[in-house]
Amino acid sequence: MKIGIDKIGFYTPHLYVDMNDLAKARDVDPAKFTIGIGQEKMAIAPLTQDAVTLAANAALEIIDESDRQAIDFVIFGTETGVDHSKAAGVYVHHLLDLQPQTRTVEVKQACFGATAGIQMAKAHIALHPNSKVLVLASDIARYGLRTGGEATQGAGAVAIVMSKNPKIMAIEEPSAYLTEDVMDFWRPVYSEYAQVDGKLSNEMYLSFFEKIWEAYQQKTGLGIGDFSAICYHLPYTKMGLKALRMIYDQGTEVDKERLLENLEHSKIYNKNVGNIYTGSLYLSFLSLIEHQNNLRAGDRIGLFSYGSGAVGEFFAGILQPGYQEHLHAEQHQKLLSSRTEVSVEEYERIFAATLPKDGTAYQLDDQNDPAKIKLSGVSEHKRHYVNSLAVKM
Ligand code: HMG
């Protein structure tokens, strides 16, 4: 039985800052951010958007009534959740009006969470072939103003419906994975901002890729020539190139050119959004299949997932006949092109704004946020969400 990605959606907030402006404000050569790091625009989340709303907005565009009835497992991958106890997916389950006989959990392992979700979904569907699983990957990356990681922030979510006989990509067995206890990037429970050893994080990413790719080849007998494209977790888009460079000479010149060309397509959304942590790999996959017209049904796509701390995995999928008809490319172009650019001063103001932490009631002004699902306020330590298409929570 084929199991994999049946539908895939994406959402990012309506605000962004231009990386050239950010570089100038930080007294850095803009080419460092746009070429050295490979980022053009950085998405900014206003207070009306959090990991819950981003995920719910991403899912809203793809699920229909039959999904609402068939989804019986919601897996929410995030490292920027809103509650230490309650799973963010429970809010999304309500906001999307999913049927009640559903398991809902939150999964955390830095940027790896959603990949764990995909593999758990696959196992669930193997046992329950008529089930569908909603995998959500949603994060807001925050390192802090004027920090080394500032240029690699971002915000957004990817939503994936997993099912049997998937319309977009069937996920293959086996995959290769690795865990090592490393302090390259982490966020203590008391901190709003991630701690990072930038140089070590780059080294660990590449070392994981090298080891896992080797293990994957041994397990499967596949090599670089068997892949039409390889998508990477993209904390910033140059990272994918660094990884691909490690292996592109293992194949022919034609393999190398194909993988390099497809890497360009797989970076387009990410360089305009920034790091969305656990959704980044899947945003890159979406960017590839919505921009590269010469991919065909039967093509094998490799996916490398890396979550600091650290856990990594390499797996692959086969594009399905007619997959192009099930994409929302136009909607995604519109989402990105209709965003509002803010100045660096405005970005700093939005970044510094926080919700009360003492239970004080606070109503958010959400008039300027065009999202369908928004955080409308907090009171008594509870978040209140609004879905303009449905009921208030
Ligand atoms: P930095 O010290 O600001 O930058 O840190 P740099 O000095 O290393 O320069 C970056 C690149 O720009 C270099 O290219 C320079 O040569 C180039 P490279 O050698 O790397 O190819 N450069 C220029 N290019 C053109 N014109 C110029 C110019 N000047 C310099 N004028 C760093 C950069 C990414 C480390 C920092 O932003 C950071 O710490 N970011 C956060 C950590 C991160 O993203 N790590 C990536 C791997 S870990 C990961 O992916 C997991 C993560 O997503 C978290 C999770 O799992 O949850 C982060």
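Ala310 has its place in the loop between strand 13, which covers residues 300-307, and strand 14, which covers residues 311-319. In this predicted model, the peptide bond that joins Gly309 to Ala310 is cis, and its omega is about 10°. A cis peptide bond also runs from Glu173 to Pro174, where omega is near -10°. Pro174 is likewise placed in a loop, namely the one between strand 8 (169-171) and strand 9 (176-179).

Another point of backbone geometry concerns Asp97, which has a positive phi of about 60° although Asp97 is not a glycine. Asp97 is found in the loop between helix 5 (88-95) and strand 5 (103-107).

UniProt, in an unreviewed entry, places the feature "domain: Hydroxymethylglutaryl-coenzyme A synthase N-terminal" at residues 2-163. In the model, this span is 33% helix and 30% strand, and its end C-alpha atoms lie 9 Å apart.

For the feature "domain: Hydroxymethylglutaryl-coenzyme A synthase C-terminal", UniProt lists residues 253-350, again in an unreviewed entry. Over residues 253-350 the chain is 48% helix and 19% strand, while the C-alpha atoms at the ends are 47 Å apart.

## Helix 9 and its two partners

Two packed helices are described by the angle between their axes and the distance between the axes. What is the angle at which the axes of helix 9 and helix 10 cross? The axes of helix 9 (residues 253-271) and helix 10 (residues 280-291) cross at roughly 120° and come within 7 Å, and the two helices are therefore oblique to each other. The crossing of helix 9 and helix 10 is right-handed. On the side of helix 9, the residues in contact are Asn262, His265, Ser266, Lys267, Ile268, Tyr269 and Asn270, and they meet residues of helix 10 that include Ser280, Leu283, Leu286 and His291. By class, the residues of this contact between helix 9 and helix 10 divide into five nonpolar, eight polar and two charged.

Helix 8 (residues 238-247) also comes up against helix 9, with axes that come within 10 Å and cross at roughly 165°. Angles over 145 degrees count as roughly antiparallel, and helix 8 and helix 9 are therefore roughly antiparallel to each other. The crossing of helix 8 and helix 9 is right-handed. Gly240, Leu241 and Leu244 in helix 8 make the contact with Leu259, Leu260 and Leu263 in helix 9. The contact of helix 8 with helix 9 has five nonpolar residues, one polar residue and no charged residues.

Strands of a sheet pair through backbone hydrogen bonds, either parallel or antiparallel.

How many bridges join strand 2 to strand 3? Strand 2 (residues 15-18) and strand 3 run antiparallel and are joined by four bridges. As a landmark for this pairing, Asp18 stands opposite Lys41 in strand 3.

## An antiparallel sheet and the helix across it

Another open sheet has three strands in the order 16-17-18, and the pairing here is antiparallel. Its edge strands are strand 16 (362-363) and strand 18, each of which pairs on one side only. Strand 17 (residues 373-379) and strand 18 (residues 382-387) run antiparallel and are joined by six bridges. Along this pairing, Ile373 stands opposite Asn387 in strand 18, and Gly377 stands opposite His384 in strand 18.

Strand 17 and strand 18 form a hairpin with two residues between the strands, and Glu380 in this hairpin takes a positive phi near 50°. Which helix lies across strand 17 and strand 18? The helix in that place is helix 3 (residues 51-60), which runs at about 155° to strand 17.

Note on methods:
Residues numbered from 1 in each chain as written. Predicted model: local features only at pLDDT ≥ 70, side-chain atom pairs only at ≥ 80, totals over all residues. Heavy atoms only, no water. UniProt positions renumbered as here; feature names shortened; annotations may be inferred. Axes fitted to C-alpha atoms, helices over the stretch in contact; angles between N-to-C directions. Parallel < 35°, antiparallel > 145°, perpendicular 65-115°, else oblique. Left-handed = near helix turned anticlockwise from the far one by under 90°. Contact = heavy atoms within 4.5 Å. Nonpolar A, V, L, I, M, F, W, Y, C, P; charged D, E, K, R; others polar. Pairing = 2+ DSSP bridges.
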